[in-house]
Structures are given as structure tokens and as C-alpha cells.
Amino acid sequence: MTTRALLEVIALDAEDAVAAQTGGADRLELVADMGADGLAPTVATFVEVRAAVDIPVRVMLRLTDGFAAGRVDALVRVARELRAAGAEEFVLGFLGEDDGPDLGAVERVVAELDGRAWTFHRAIDRAADREALRKQLADLPGLDTYLTAGSADGVDDGLPVLLAEAARRGDPGYTQRLMIGGGLRLDHLSRLRAARVDAFHIGGAARPQGWATPVAADAVRTWRTALDARRG
């Protein structure tokens, strides 16, 4: 049986969103300020994006650079405002001083999502113990995806970890979807698809001229075509 891989593209605004959808993206990760590796967008930006496209939009919940939660009350307020504006899917992930998951912060924010779907982002790649983190988060409502490169240094270094985790699909702590992103290149796809990985995330790869320029539909289409040629 063949499966179509999910392609998620980082968008900063409605122009990006339209280009990503035109190129064949299945889902957007909506963020602001990539200089800080992606922060929560404004409600106004979310509303514009939601009106511009009809593919799912996962909204970043992060207020400061790094992987500490920072002001949890403010995070909860932002989550509440975005939900009130119609947001249904989210992205988050916080680590504590021991580089384990900041369960208190994650649980407070997730409670505000009221069961909506969310991704734990690349904070997992900075965790002291990936397996322990997965087991600690396993039962949180709505968690359906881990965005990971397998290493803080990107997919090149993390590929063995990604393949090992893909092989554990269905084990306790490994039931969530594995979505690969962070230094992902087209030449990684063959091994990942052979391992039955079915979700991929691109940011800079959708902007050949750099982050100062919009998403290019043709660049997204290149990834869509490559993924469709490597059905697992």
C-alpha cells in the first residue's frame, strides 16, 4: 500500500501560505520572527492566513528564543486568543533547566488547547534523554506529532536516531507521528521513506533566496514531486 507523505511548510504570512499551498504543501506551520527560530504569530496574521488558504495551519506557541517556556501565563493567554480566533492546531515544546521536558509549562498550555492537535517541536533534539521525554509526554491530550531532526545539529547527524525511532513506531512513547525537519535535504528522502517515515517539514528549503524573501511555490513543488516519487 502506498501513502502520500505529509509536507509541512513554515509560513510567516498570507503570501507565504498561498505560495506553499500552490506548491503542494499539505499543512503550514505559522510562526513569526525566524531570527528567534520561530515565535507565536499575531492573531491578525493568523486570521489573514486562515482566510487565504484551506489547508491546515499549526500555530507556534513560543514567546522567546530558546526552549525555556518563559512567561507561562502569557503563553496561555496567547493560546486562548488564537483559539478564539479559530486556531485548531498548534506547535509547542519547552525544556526545563535539566534539559528534560518542562511538564508544568507544557501541561498548562496544553490544558488551554482543550484536546486540539499539537506538535512537540525540535526541543526534543535538545533534550537530555529523548526516550524519557517521549514517555513523560505520551499521555498528554492532543499530542500527535514530534518534529525532529534526530540531533540538534540537523538531519545529517540525526539520521541514525530517526531511523531507529521510525522502527519503534507503535511502542509506548512512539505512537505519535514522526515528522522530519531541520537541515532536511532531498537526498535524505530515500532512506527516510524506505523506513516508512511519512511527514516532512521544510523552512529555508522553501525559500531559495533566503528568509528575507517569501516562500517560492516552485521550491515547494520540487519537494512535493520528490515525495510523491518516493511513496512508502
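# Questions on a predicted model

Trainee: What is the relative accessible area of Ser190?

Mentor: Bear in mind throughout that this is a predicted model. Ser190 is found in helix H7, and Ser190 falls in the partly exposed class, since that class lies between the cut-offs of 20% and 50%. The relative accessible area of Ser190 is 43%.

Trainee: What share of the 232 residues in the protein is buried?

Mentor: The C-alpha trace of the protein spans about 45 × 40 × 30 Å along its principal axes. Among contacts between residues at least 6 apart in sequence, 65% join residues at least 24 apart. As for burial, the share of buried residues among the 232 residues is 51%.

Trainee: How are H1 and H2 placed to each other, roughly parallel or roughly antiparallel?

Mentor: Helix H1, residues 14-23, packs against helix H2, residues 43-52, with the axes 8 Å apart and at an angle of about 30 degrees. An angle under 35 degrees is what the parallel class requires, and H1 and H2 are therefore placed in that class. The answer is roughly parallel.

Trainee: Which residues in H2 do Ala14, Ala17 and Val18 in H1 meet?

Mentor: H1 passes H2 in a right-handed crossing. By class, this contact of H1 with H2 has 5 nonpolar, no polar and 1 charged residues. On the H2 side, the residues that Ala14, Ala17 and Val18 meet are Glu48, Val49 and Ala52.

Trainee: Which residues in H8 meet Ala19, Ala20, Thr22 and Gly23 in H1?

Mentor: The axes of H1 and helix H8, residues 217-228, come within 7 Å and cross at roughly 35 degrees, and the crossing of H1 and H8 is right-handed. By class, the contact of H1 with H8 has 4 nonpolar, 2 polar and 2 charged residues. The H8 residues in question are Ala217, Val220, Arg221 and Arg224.

Trainee: Which class does Gly100 count in, buried or exposed?

Mentor: Gly100 has its place in the loop between strand S4 (89-92) and helix H4 (103-113), and, not counting residues up to four places away in sequence, Gly100 touches Phe94 and Leu95. The cut-off for burial is under 20% relative accessible area, and Gly100 stands at 16%. Gly100 therefore counts as buried.

Trainee: Leaving aside neighbours within four places in sequence, which residues is Ala195 in contact with?

Mentor: Ala195 lies in the loop between helix H7 (189-194) and strand S8 (199-202), and Ala195 is partly exposed, with a relative accessible area of 21%. Glu165 is 30 residues away from Ala195 in sequence, and their C-alpha atoms are 9.7 Å apart in space. The contacts of Ala195 outside that sequence range are Leu163, Ala166 and Arg169.

Trainee: What value is phi of Arg196 near?

Mentor: Most residues other than glycine have a negative phi. Arg196, found in the loop between H7 and S8, counts as exposed at 56% relative accessibility. Arg196 is a residue other than glycine with a positive phi, a value near 70 degrees.

Conventions:
Residues numbered from 1 in each chain as written. Predicted model: local features only at pLDDT ≥ 70, side-chain atom pairs only at ≥ 80, totals over all residues. Heavy atoms only, no water. Axes fitted to C-alpha atoms, helices over the stretch in contact; angles between N-to-C directions. Helix = DSSP H or I, 4+ residues; strand = E, 2+ residues; numbered from the N terminus. Parallel < 35°, antiparallel > 145°, perpendicular 65-115°, else oblique. Left-handed = near helix turned anticlockwise from the far one by under 90°. Contact = heavy atoms within 4.5 Å. Nonpolar A, V, L, I, M, F, W, Y, C, P; charged D, E, K, R; others polar. Buried < 20%, exposed > 50% of the residue type's maximum accessible area, 1.4 Å probe, protein only.
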